[in-house]
Amino acid sequence: QVPQHFPASDVVFLDAGNGTSALIHLHGATVLSWKVNGKEMLFVSEKSVFDGKKAIRGGIPIVFPQFGPWASGPQHGFCRIKRWNSEIPPTKDSKGTVIAMLSLQDDEETRQMWNYKFKVVYSLRLQENAFIMNLTIHNEGMCISFFGFSTLLHSYIRTPDILNTSVHGLNGVKYVDKVNNNRTDVEKRENIFMDENYDRVYIACPTHVDVSHIGCGQHNLNIKTFNLPDIVLWNPWTEKAKAMSDFGDEEYKNMICVEGGKVNKPVTLEAGKQFECSQTFTVSPAY
Ligand code: BG6
């Protein structure tokens, strides 16, 4: 049942029946596909590189322990370019939820960039029309110490027409505009449409936002977050799309990144403690 083009050892496939499924690549624990009744909701670039090194361009890569550029390591941290472990084979519980659990621990390579002992556990729960992604970050340090980090679920949502897809729920929220010298402003629109290069970090957002006309245009997406108070809205638009080697020149029309994160104020986590955060995607018909 695993899509033919990926070796079964590289992916975890969740099948909830009736064409509802999720596919996760162990490279970066990147969710590649989430289908509801056979309809794909996520975007992956046709030019994405699957070489086990580069971050996958699309789906839901995990940003940790750094959002954005970083003196110690690659942009957006190393989680999205490490191979994760599958902790348990996908299982179905008595309510029909299909569950996967992946993990990543520090190793020689991560300690060279970021010298801390950690474990990240990623649990994914697939239901009929919902998909719950839960991250738990453990500080596995032994002595009295702490580390700081930012994290984010870099979700690439599929749309047939970016000009007809909008984000609802951020009216009145302060944002930092990364394409305009980090200018800050307050969002004044009920429905946010994108029609240019967009890279904004919305700070301290409500726990629910909606994205309209996703997938093949017939669904709306509700995103519910827990401990992910910031939301990044990103679309590279024309020029930046052309400058990205792993992204098609015209593909900006078919994706919108709505990224739940904890990025504005990093988390400080003491040794022996854990931090949990999650996002829940739920789809409903669009009218
Ligand atoms: C977004 C950032 O989260 O990710 C953007 O806000 C960035 O600044 C984008 O361009 C894509 O990043 P990358 O490293 O995957 O090309």
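Guide: Let us begin with R57, which sits in the loop between β4 and β5 (62-63), bearing in mind that this is a predicted model.

Visitor: What makes R57 buried or exposed?

Guide: The label buried calls for 20 or more other C-beta atoms within 10 Å, and because R57 has 23 of them, R57 is buried. Not counting residues up to four places away in sequence, R57 touches S45, K47, S48, D246 and F247.

Visitor: Where does UniProt place the feature "binding site"?

Guide: The unreviewed UniProt entry places that feature at R57, Q75 and R80. These positions are spread over 24 residues of sequence, yet they cluster in space, with a largest C-alpha distance of 13.4 Å.

Visitor: Why is I144 called exposed?

Guide: I144 lies in the loop between β9 (130-139) and β10 (146-153); exposed means 12 or fewer such atoms, and I144 has 8 within 10 Å, so I144 is exposed.

Visitor: How do you know that β3 and β4 pair?

Guide: Pairing needs at least two bridges, and 2 bridges join β3 (residues 30-36) to β4, the strands running antiparallel; in one of these strands, β4, K39 is the bridge partner of V36.

Key: Residues numbered from 1 in each chain as written. Predicted model: local features only at pLDDT ≥ 70, side-chain atom pairs only at ≥ 80, totals over all residues. Helix = DSSP H or I, 4+ residues; strand = E, 2+ residues; numbered from the N terminus. UniProt positions renumbered as here; feature names shortened; annotations may be inferred. Contact = placed C-beta atoms within 7 Å.
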